[in-house]
Amino acid sequence: MHNPTKPAVQFFGLFFSLLLISCAQLVSAAETEKLRIGILAFRSLDATQQQWQETLNHLNKTLPQYELELQVLFMDSMTEAVNQQQLDFILTQPEHYILLRSSAGVSASATLMPTFNDQPLERFAGVIVALADRPELNSLSAIRGQHIVAVHPNSLGAYRIQHWTLNQAGIRLPQDVNKVTYSGQPQDKAIEMLLNRQADVAFIRSGVMESMIQSGKLSIDQLQVINQQQHPEFPLIHSTPLIPEWAFAAMPALDPLVVRDITQALYSIPPDSQAALTGGYFGFIPPVDYANLEHILLELRVHPDRITHFDMRDFVNKYLAEIILVLTLSILLAVTWVSYDIRQRQKRAADLRIAAAAFRTNEAITITNENNQILRVNDAFTRITGYSEEEVIGRNPSMFSSGYHHQDFYKAMWNALNTQGYWDGEIWNRRKNGEIFPEHLSITKVAGTHPRHFYFVASFADITQAKESKEKIEHLSLYDQLTGLANIDLLRDRIQSASTRTRMQNNSFALILIDLRNFKLVNDSLGRSAGDQLLCDVAARLTEALPIYSSLARLAADEFVILCEFREHSAEQALFDIEHLIKDIQGIFITPFSIQDKPVYTQANIGIVHCADADTSADELLKRADLAKNQSKFNTHNNVSFFDPIMQQQVDQVVQLENDLRHALDKNQLRLFFQPQYNRHRLITGCEALIRWEHPTQGLISPAAFIPLAESSDLILLIGDFVIATACQTLATWQQHPYTAKWTLAVNISARQFQCNDFVERVLQHVSDSSAPANRLKLELTESLLIDYSDEAVAKMSQLKQAGICFSLDDFGTGFSSLSYLKKLPFDQIKVDKAFIHDLLNNHSDEAIIRSVLAMGEAFGMNVIAEGVETEQQLQKLEALGCHHYQGYYFSRPLSDQQLRICIADAADDQASEYRLDSVYATLSVNVIRSRLCPYLTVFVLTIPVCKPLRFVPPK
């Protein structure tokens, strides 16, 4: 049954609801609402604040129900404030408004109309200026390659519109200019940088030059305007097309009634008011159309909605309030529908503009219908394929097929399009001239207006250059640039593959490492280009000699590696093949190479490792081949060597020994031994300090085993420093005993130690720290040490000589002996090498050399000492020749510090006697005396009267 009171109840319910809403609005309106207006500053903040202060005062007077606050901000600060919802209204330049409209949803309610000389301006422009004394910068084309200063990348009048103008002239930013610098706000900075010649061209907004001229900061004669434009309705200097003026916009969450009140108040400001005069504007007008500006931003690819422009969610979010209002209030249905239809038309027009701009991309675009007939192509398609639009309209894209792909490839493509609506990948197609080229193709299936109608939109780019660059990079990373052979990385991969095949097929392979002998000599004599040519020629000959299943790589500067696989070969047959290949390789070097029209002969050291163990790594195999190559250098027969596990053991032992040596100093394992030196009266005049290594497991190690290792590293410097310091401390100790006070102590100096810049200072420091007598310290230098450092050696030796330190020339006669440096250098002693003493009795040449050395020593005022004296006959012969200083096993083996102390102590117990062997120990055999003194001591006697030195008397 119909209830007649129900409509009435509904009507009164709606009436009271509207009444309550109105009351709430009146109550809220009665309260003073605080609003924040953000003003974009393109000059200084203070100047902008003063410019708009009167406008703020006018609005506060006109709208007493609101408390308005002015915030002057630069662009970045305003963007941040809007994003953080710290502002209610903004007045900003058009591009910034479009950006904020996209990111924050602001909407324009008015457009600023500035004034110049009492003339209202609806638009503004950009200015491109250069210094007046740069007449060559008189056109847009002259800007190419110049340094540009602009205010900000998002500044419309001071960068963006100039950017678009240069694009229209064919000049791209920043590719076609030298540099683009952003000065930041205010825009005066850009002019100042130009005047200071920190840039060639400046971008500023129209009106800035006039403002600076009026304020006295600039003279019009200082600048010239590039591409100056004339417009009857625009009196300001400008170089670009005109664009709409600034937008006054509201935040999306703001009450529409508040927006209406503020906007009407702006519209009501008269041109002759104090607010308009101070602000420099004519007034505010309804929002203008920014479509042309959006078109410019789309061309520059900076439009914020260039990707999401087709998304209907933006429309729904923006007009949600209107849609709810339309559903709630039926009385506004017609008006809302018309407004919605108009905006939809505007959006479709914008969509068409965006689509047109997107079609002018650098990627080729093809649109086909459901029958796969081409409907439309763009200019990039013509540029890439060579076909014009008229030649392809209505035809099937299969006309571009290269024939490279199997039918299964196209079946998979169509299956993806029909099921997923999208396909993306790499494909090879054919140009009009028949050239095959690679392209990256993306195809999207797009629905049409009818369910049975759809389109395929394909976009592709020519990736020929990218693939060539990729292949070139891969080639550079895996191949030697000089010879074109595989490099070490590719060789490792090939070795790994050979190992895998060895494991699977139970066969073997071999690495043959070839090292050119005299390559450095070719480089030094003929130049590096000749060396490069030699390497290329060697690579070519080796390549021709390669057997099947073999590859060649360049390992280092003059090293090549052949990888040979022996598939379906026994181990014996593989070794036979290797031997045959080695003969071929050696035959390559018999014929000379023609380098710079000169015959160049070279040979090779060859190391071979035959591998049947697939578990060995590539680096380990290369190391073994290198060990075999190094061993081949000592094979004088054919310079070929196979890897032997004993080689690896020897290398490992050397490496372990070197590691132990690095800790020897810290663990106090190094010792000094002392071998006495005698004069013709058989009296000890001093000792030679000899280092020994007391290894915890190997016992006492001779310096011949570890000094070469130390020489190859910086350890020799630490060891040498230890020897000098210990020797100085020993000399200081000897001064406390009358038997040893006049002894000298000789120390061997290594070449690397002597070459140190602070060698002299360190020696003198050790002498000073130990209080040792400098004239008792004797430094032994070898001939080879002095050959390349004669001038430096003279300086260092002279400094030490002035401090009293003595010098001995060690191993004289074994190297390149020269009287010239013997004359220049301040030596006190010459030591005849033991090589000339060993066969002295039977070799007349050795005797002649010793006579010559003795004569030179006498001529230069140096004493001569013979080392390595082991028999009485050698001693008598040396005495007969006139040599009066000796050292060797005949007198004593090297003694440890403790053994030397025992000998001195034993001699000190018998201070009352001469302690001669012929009177006290004449009946003792040599072995008895040796056992008393030490296991290593050859018979000698220390004579220890208080005032007499130790004396040695050999057995009868």
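Mentor: Let's begin with the cut-offs for angles: under 35 degrees counts as roughly parallel, over 145 as roughly antiparallel, 65 to 115 as roughly perpendicular, and the rest as oblique. Keep in mind that this is a predicted model.

Now for the pair itself. Helix H19 covers residues 519-526 and helix H20 covers residues 528-544, and the two pack at an angle of about 140 degrees. Their axes are 6 Å apart. With those cut-offs, H19 and H20 are therefore oblique to each other. On the H19 side, the contact is made by Phe-519, Val-522, Asn-523 and Leu-526. H20 brings Arg-528, Ala-530, Gly-531, Leu-534 and Leu-535 to the contact. Sort the residues of this contact by type and you get 6 nonpolar, 2 polar and 1 charged. An α-helix has 3.6 residues a turn, so residues three or four places apart point the same way.

Leu-535 leads us on to a neighbour, Leu-482. You'll find Leu-482 in the loop between helix H17 (464-478) and helix H18 (488-505). Setting aside residues up to four places away in sequence, Leu-482 touches Leu-535, along with Asp-532, Cys-536 and Arg-554. Take Arg-554: 72 residues separate it from Leu-482 in sequence, while their C-alpha atoms are 9.6 Å apart in space. Leu-482 has a relative accessible area of 30%, so it is partly exposed.

For another leucine, go to Leu-45, which is found in helix H2 (residues 45-62). Leu-45 is partly exposed too, with a relative accessible area of 35%. Leaving out neighbours within four places in sequence, Leu-45 is in contact with Val-72, Leu-73 and Phe-74. Gln-71 is 26 residues from Leu-45 in sequence, and 9.6 Å from it in space, C-alpha to C-alpha.

A cis peptide bond joins Leu-173 and Pro-174, with omega at about 0 degrees. Pro-174 is in the loop between helix H5 (156-168) and strand S9 (179-182). Another cis peptide bond links Gln-185 and Pro-186, where omega is about -5 degrees. Pro-186 sits in the loop between S9 and helix H6 (188-195).

Phi of Arg-197 is near 60 degrees, a positive value in a residue other than glycine. Arg-197 counts as exposed, at 54% relative accessibility. Phi is also near 60 degrees at Asp-597, which lies in the loop between strand S23 (593-595) and strand S24 (598-600). At 76% relative accessibility, Asp-597 counts as exposed.

Finally, step back to the whole protein chain. There are 35 helices and 36 strands in it, and 45% of its 956 residues are buried. Of the contacts with a separation of 6 or more, 67% are between residues 24 or more positions apart.

Conventions:
Residues numbered from 1 in each chain as written. Predicted model: local features only at pLDDT ≥ 70, side-chain atom pairs only at ≥ 80, totals over all residues. Heavy atoms only, no water. Axes fitted to C-alpha atoms, helices over the stretch in contact; angles between N-to-C directions. Helix = DSSP H or I, 4+ residues; strand = E, 2+ residues; numbered from the N terminus. Contact = heavy atoms within 4.5 Å. Nonpolar A, V, L, I, M, F, W, Y, C, P; charged D, E, K, R; others polar. Buried < 20%, exposed > 50% of the residue type's maximum accessible area, 1.4 Å probe, protein only.
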